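Today I am opening my notebook on how two parts of a protein meet. Have a look along with me.

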Amino acid sequence: MNQLVILGAGPAACLLAIALARHGVPARLIGRARTTHAVEGLSQRVVEALKQLGCREALSLLGPRWHRVSSWNAQEVEMNGEFVVDRVAFDAALLRDVSAAGVERDAGLVRELARDEGGGWCVRWEDEAGVLRRTDAVIVAECRGHTAPKLAPDRHAGNTLVSISRTFEGARRQPRTTFIESLPSGWAWGGVDPQGRAHIQVVTLPDTVTASGGKPDAVHAAALEQLSRMPLRFGTRLRPAGPARARGIQPALRGAAVRADYLRIGDAAYTCDPLSGHGLFEAASGAIAAVPVINTLLHRPAQALLAQRYLSERISSVFFSRIEAARQHYATETHWADEPFWRRQSAPPASAPADAPAPGAVFSERPVVENGFIVERRVVVSDEYPRGVRFIDGIDLGRLDALIHAGGMQAPADLGRQLSAPGEAVGRAVGWLQARALLSRTGH
Ligand SMILES: Cc1cc2nc3c(=O)[nH]c(=O)nc-3n(C[C@H](O)[C@H](O)[C@H](O)COP(=O)(O)OP(=O)(O)OC[C@H]3O[C@@H](n4cnc5c(N)ncnc54)[C@H](O)[C@@H]3O)c2cc1C
């Protein structure tokens, strides 16, 4: 019986396996490597996560950062660059990092996840020779992406969009650059390299695809006609290097994402609008956040509910903040405001999420990470910081508040002595609490 089995072979699965190995938590990974090509951009924050986890193979694939140009709301802005990867190569490199980290891996297709006779998990999977196998587990981390079977209905499902990608040769040769540009029926993201190879992804409404008879090549060509800035950069001699490929997109928050013996990580937990370009970062940060949760579930079962609450709140708060950030970004494009795509994508949400925090700032007991486990501590929760703030300038706000509550307001230097912290830092933490009217609530 395995303590922990990870299902999948993408960024979430690989980075979770590596992060657990770095923390001495053994896991077994069962997954089939990705075979469909897609060009995706990743931010410096993903690179930081790869460095933190020592993913040398994935890092060695990245090369230099690509220059990035955005044409949005009739303004062309040069922005922080991004790294561009082919996902088949990137995922294969991550799998090599998994092996280098000493994680046991079975290459295979998961056919079924079911309860075994003793109430644990039984994974039935097919190996590369087509032989059906069985692996038992106490805890399962579901990382099979957005197609992972659901255990419960979605908690939230956003608008469906379609992304259509196509690769071209013959673009104007130039330093590696990515572009994003809005157009009446959606937006386009593209990259071009010094060999004149260009990749352009168009995101539009499913209705636009239906109206063109469902032909991705035609939709892609029509969208390119609507672009004004990108063709100036790419030149007029683009030659398709293959057919256009369509992928469906739907921001969704899955139900039952966290249980005492089951966690969904990466796209299996929630998917965002690709406008945010955050998918790989979400997979990486979600994997890193899951480590203390799994540690707690395995070694401190009495705190299992707290650990589940931590991950579940994190998933839902990140999801809603990402979809709201994407909506606000869509709303900043005002040139096509009356077009169906832009009306729909920038429309305010019908209602606030059920677990949105109450307005104002309050102290609240919340699950936090401490020494690799999930523990409960007093933090400040507000609509600005829905997941809570525990430290300001290294000062534990809950401890500071308790101290003031017990002994009355004292000079920062005196409080600092009791907290073994510099008086100036305590002064700033006190000021932070006062600005949120939190000290007055303690009666001081
Ligand atoms: C059109 C589009 C464009 C995007 N562009 C970007 C971008 O530019 N930047 C960015 O950061 N993100 C982007 N994303 C999001 C990004 O692709 C995902 O967020 C990311 O891949 C999530 O990683 P994951 O490991 O959770 O899932 P996945 O990458 O989907 O990995 C799932 C893994 O599970 C395996 N698997 C699935 N089923 C089984 C099974 N039954 N048995 C065994 N293995 C299985 C798969 O082969 C795969 O290896 C984009 C998404 C879309 C749809």
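The domain bounds I use here come from an automatic or database domain assignment. I keep in mind that this is a predicted model.

**Entry: the domains.** I looked up the assignment and found domain 1 in the pieces 2-62, 85-152 and 251-331. Domain 2 covers 161-249, and domain 3 covers 362-442. I then turned to domain 1 and domain 3, whose centres, taken over C-alpha atoms, are separated by 33 Å.

**Entry: the contact.** How many residues of domain 1 are in contact with domain 3? I found 15, and they meet eleven residues of domain 3. Between these two domains an area of about 1,200 Å² is buried, with 62% of that area coming from carbon and sulfur atoms. On the domain 1 side, Arg300, Leu306 and Tyr310 lose the most area to domain 3; together they make up 40% of what that side buries.

**Entry: where the domain 1 side comes from.** Both α8 (279-299) and α9 (304-331) supply at least two residues of the side that touches domain 3. Which element gives the largest share? I found that α9 does, with eight residues. Sorting that side of domain 1 by residue class, I get six nonpolar, five polar and four charged residues.

Terms used:
Residues numbered from 1 in each chain as written. Predicted model: local features only at pLDDT ≥ 70, side-chain atom pairs only at ≥ 80, totals over all residues. Heavy atoms only, no water. Contact = heavy atoms within 4.5 Å. Buried area = accessible area lost by both parts, 1.4 Å probe. Helix = DSSP H or I, 4+ residues; strand = E, 2+ residues; numbered from the N terminus. Nonpolar A, V, L, I, M, F, W, Y, C, P; charged D, E, K, R; others polar.
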